[in-house]
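Me: I would like to go through this model by question and answer, starting from a strand pair and ending at the helices.

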Amino acid sequence: MGLQIGDQAPDFKLVSSELKETTLADFKGKKVVLQFFPMAFTGVCTTQLCTMRDSFGFYEGMNAAVLGISVDSPFTLAKFKEEQFYQFPLLSDFNKEASPAYGAFYEEFAFNLKGVSKRAAFVIDEEGKIAYAEVLESAGDLPDFNGIKKVLEG
C-alpha cells in the first residue's frame, strides 16, 4: 500500500538540474507538485513535463512549486530541461531513495533496466501532507492533470 492522502510526505535530499541540493523541507509553507517520470528524452515523459511547463502560470498562481524527479543523472536532467525550456527544477534520484519512498519505483523496467522511477504525481500541502497521490503502473499513461489542478484549487 502506497502513500495515502493525509500521510506525511517523505522528505528527500536530491541534486537538481542546477547541481544544487534540494529537499522537500525547502518548500515548507508552499504547495508542491511532484512529477516522477521514468526517463528523460522519452516520448511520454516529455509530454508529461511539457504539460506542466505549458500550465506553469497556473501552478505559480496557486503558490505551488513544481518538481520533476527521475533516476537520470543531474547532468542528463540539465540538458533535458534546457532543450524543453522547463521553468521548474528537475531532481535526480540517481541513488534511488525518493522514488521507492513514494512507491513510485520499478524494480525492473523495460529492456531489463533495474531501478527506474514510475510515472507518478503527488500534491503536497503547505504542512507537508499528501493531498493527492497517483502512481501509474503503465509508463505509457499520463497523470490526471485535471485532478491535480482540482486539488490545488481546493
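**Strands, cores and helices**

Reply: In this predicted model, F105 has S117 as its bridge partner in β7.

Me: Which strands stand at the edges of the open sheet?
Reply: The sheet has seven strands in the order β2-β1-β5-β4-β3-β8-β9, with mixed pairing. An edge strand has a single partner strand, so one side of it is left without a neighbour in the sheet. From one strand to the next the twist averages 30°. The strands at the edges are β2 (21-23) and β9 (130-135).

Me: In which sense do β1 and β5 pair, and what is the bridge partner of S16 in β5?
Reply: Strands of a sheet pair through backbone hydrogen bonds, either parallel or antiparallel. For β1 and β5 the sense is antiparallel, over two bridges. The bridge partner of S16 in β5 is L91.

Me: Which helix packs on the sheet at about 165° to β3, and which at about 155°?
Reply: Helix α5 (residues 145-153) packs on the sheet and touches β3, β4, β8 and β9, its direction making about 165° with that of β3. The other helix lies across β3 (31-36), β4, β5 and β8 (120-124). The helix that runs at about 155° to β3 is α1.

Me: Where does the UniProt active-site annotation fall, and is that residue buried or exposed?
Reply: The annotation comes from an unreviewed UniProt entry and covers C45, a residue of helix α1. Beyond its neighbours within four places in sequence, C45 is in contact with F37, P38, M39 and R119. The cut-off for buried is under 20% relative accessible area. At 1% relative accessibility, C45 is therefore buried.

Me: Which element supplies the largest share of the largest nonpolar core?
Reply: The largest nonpolar core has 22 residues, and those with the most contacts inside it are V33, F37, Y59, F88, L90 and I148. At least two residues of this core come from each of α1, α2 (56-61), β4, α3, β8 and α5. The largest share, four residues, comes from α1.

Me: Which residues does L90 contact, leaving aside its neighbours within four places in sequence?
Reply: L90 is among the residues with the most contacts inside the largest nonpolar core. With sequence neighbours within four places left aside, its contacts are V15, S16, S17, F37, L49, G68, L77, F80 and K81.

Me: Why are the buried residues of α3 on the same side, and which exposed residues are on the face turned away?
Reply: In α3 (residues 74-84), P74, L77, F80, K81 and Q84 are buried. They are on the same side of α3 because they cover an arc of only 120° around the axis. Their cover includes β1 (13-16), α1 (43-54), β4 (64-70) and β5 (90-92). The exposed residues on the face turned away are F75 and E82.

Me: Which exposed residues are on the face of α5 turned away from its buried side?
Reply: The buried residues of α5 are F145, G147, I148 and L152. They cover an arc of only 160° around the axis, which puts them on the same side of α5. What covers them includes β3, α1, α2, β4, β8 and β9. The face turned away carries the exposed residues N146, K150 and E153.

Me: How far apart in space are F94 and A25, C-alpha to C-alpha?
Reply: F94 is in the loop between β5 and α4 (98-101). Leaving aside neighbours within four places in sequence, F94 contacts S70, V71, D72 and S73. F94 and A25 are 69 residues apart in sequence, and their C-alpha separation in space is 19 Å.

Key. Residues are numbered from 1 along each chain as its sequence is written. This is a predicted model: local features need pLDDT of at least 70, side-chain atom pairs count only at pLDDT 80 or more; totals for chains, interfaces and linings use all residues. Side-chain values use heavy atoms; hydrogens and water are left out. Buried means under 20% relative accessible area, exposed over 50%, partly exposed in between (1.4 Å probe, protein chains only). The arc is that of the directions from the helix axis to the C-beta atoms. Contact means heavy atoms within 4.5 Å. UniProt positions are given in the numbering used here, feature names are shortened, and annotations may be inferred rather than shown by experiment. Two strands pair if DSSP finds at least two bridges between them. Axes are lines fitted to C-alpha atoms, for helices over the stretch in contact, and angles run from 0 to 180 degrees between N-to-C directions. A nonpolar core is a set of buried Ala, Val, Leu, Ile, Met, Phe, Trp, Tyr and Cys residues joined through side-chain atoms within 4.5 Å.
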